[in-house]
Amino acid sequence: MIDKRTFLKTSAIIGASVALSGCSKEKSSLKSININKNKKTTIRLATSWPANFPIMGTGIERFSSRLETISQDTLRVKVYPKNVLLPALGVFDAASAGAIDAYHSASYFYKGKNEAFNLFTGFPFGMTATEMNAWIDNGGGMELWRELYAKYNLVPFKGGNTDVQMGGWFKKEINSLEDLKGLKMRIPGLGGEVFSKLGVKPVLLPAGEIYLALERNVLDATEWLGPSLDTKMGFQKVAKYYYTGWHEPGSMLSLVFNQKKFNSLGDEQKMMIEMASNELNATMNSEFQAENTKALKVVEESGAVIKTFPKEILVSAKKAMLEVVTEKSNKSADFKKVWESADTFLRENRKWTDMGIKTYLESR
Ligand code: CA
């Protein structure tokens with residue numbers, strides 16, 4: 001017979017486990033999976049990456065084949081790598097117009113269409129991958145992203161996270177703000193705009209031309225991603241100083257569907273896409289963590305010197321970031337709205353990040 005004390009103890013444990021599994025018990029609008037196997041839909045999905053591009057390209061291929069499997073082949077995904085059907089940055093317009101059904105790319109590539117798009121990838125001194133996921137999933141980020149992309153007939157999903165990116169490869173050591181003046185550097189996005197305020201001359205070059213430009217001193221520096229992909233580009237052979245990151249702390253890629261195509265799918269298929277996108281986002285992040293670690297060995301063996309930017313540069317870059325944000329908020333109501341959401345979320349969330357993971361890392 002269970003006495004009162006044991007009963008109370010057991011109830012407390014059951015109560016806790018119900019609370020913990022609260023998310024998975026969330027009511028679904030779907031009563032059961034009901035796939036019409038006779039209706040097969042092909043999704044023509046273009047990417048911004050070359051065929052078999054490590055981690056990003058292989059990630060979207062894996063997403064596609066797994067989506068086909070779980071949908072019992074009712075969804076067939078045909079992946080078109082960069083330049084097969086479209087140039088790398090042609091995918092947004094093509095999906096918006098319905099010329100393709102979906103794409104895999106990064107939102108900040110299309111900031112020319114709307115400055116707010118920067119923020120759905122990430123921003124300098126901004127959110128880590130974990131914080132970005134929290135903002136998108138639980139902090140109103142996804143609702144804003146969907147609302148904004150709907151204006152372009154698009155439905156976005158999380159498409160992977162690169163985790164923190166490195167600050168880049170420099171041919172000369174950077175010891176002061178003075179050393180940045182006139183420096184020709186390949187650095188896109190908000191990071192480039194911030195560095196430009198500190199005297200850097202941001203240069204945009206196609207990926208295939210960066211190595212030669214660095215070797216021939218047409219470029220003084222370049223950022224790319226992290227050890228995993230940087231070492232494949234061979235930057236360690238032509239630049240000695242490898243600086244830690246500040247400008248892309250947790251860049252999220254995007255998996256985006258043409259709205260009409262997405263709406264034509266069954267509820268079960270939509271749910272499968274969402275689940276597969278969550279998996280893509282998580283597995284790409286873990287792959288970057290594992291591959292960056294492996295590639296660190298290549299960086300070390302190359303004799304590269306790993307450095308962190310001097311404090312005066314980081315302090316000035318933070319100030320410049322605020323100027324960039326103010327200018328963009330004054331020009332674009334969309335940017336202002338999304339920035340306020342992201343910035344407010346980060347200000348609150350960093351309290352837990354600092355108390356939780358930061359304190360732990362310092363004590364490990
Ligand atoms: Ca980058």
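The buried residues of helix α5 pack against α3 (91-97), β3 (102-105), α4 (129-138), β4 (154-161), β10 (252-258) and α12 (333-363), where contact means heavy atoms within 4.5 Å. This is a predicted model, in which local features need pLDDT of at least 70 and side-chain atom pairs count only at pLDDT 80 or more, while totals for chains, interfaces and linings use all residues. Residues are numbered from 1 along each chain as its sequence is written, and side-chain values use heavy atoms, with hydrogens and water left out.

**Helix α5**

- In helix α5 (residues 141-150), the buried residues are Gly-141, Met-142, Leu-144, Trp-145, Leu-148 and Tyr-149, buried being under 20% relative accessible area, exposed over 50% and partly exposed in between, with a 1.4 Å probe and protein chains only.
- Seen down the axis of α5, these buried residues fall within an arc of 160°, so they line one face of the helix; the arc is that of the directions from the helix axis to the C-beta atoms.
- Helices (H or I, at least four residues) and strands (E, at least two) are DSSP runs, numbered from the N terminus.

**The largest pocket**

- The largest pocket holds about 1,700 Å³ of space, and of the 42 residues that line it, the closest to its centre are Gly-126, Thr-128, Glu-131, Val-164 and Pro-249.
- A pocket is an open set of points on a 1 Å grid over the protein atoms alone, with protein on both sides within 12 Å along at least five of seven lines, whereas a cavity is a set where a 1.4 Å probe fits but cannot get out; lining residues have an atom within 4 Å of a point.
- Grid points are joined across faces, edges and corners, and a volume is the space filled by probe spheres set on the points.
- The elements that give two or more residues to the lining of the largest pocket are α4, α10 (267-301), α11 (311-331) and α12, and the largest share, 13 residues, comes from α12.
- By class, the lining of the largest pocket has 20 nonpolar, 13 polar and 9 charged residues, where Ala, Val, Leu, Ile, Met, Phe, Trp, Tyr, Cys and Pro count as nonpolar, Asp, Glu, Lys and Arg as charged, and the others, Gly among them, as polar.
- Domain 1 (41-160 + 250-290) and domain 2 (168-249 + 303-337) both give residues to the lining of the largest pocket, so this pocket lies between them; the domain bounds come from an automatic or database domain assignment.

**The second largest pocket**

- The second largest pocket has a volume of about 870 Å³ and is lined by 35 residues, of which Leu-89, Phe-109, Arg-186, Pro-188 and Trp-224 lie nearest its centre.
- Its lining draws at least three residues from each of domain 1 and domain 2, and α6 (189-197) and α8 (227-233) each supply at least two residues.
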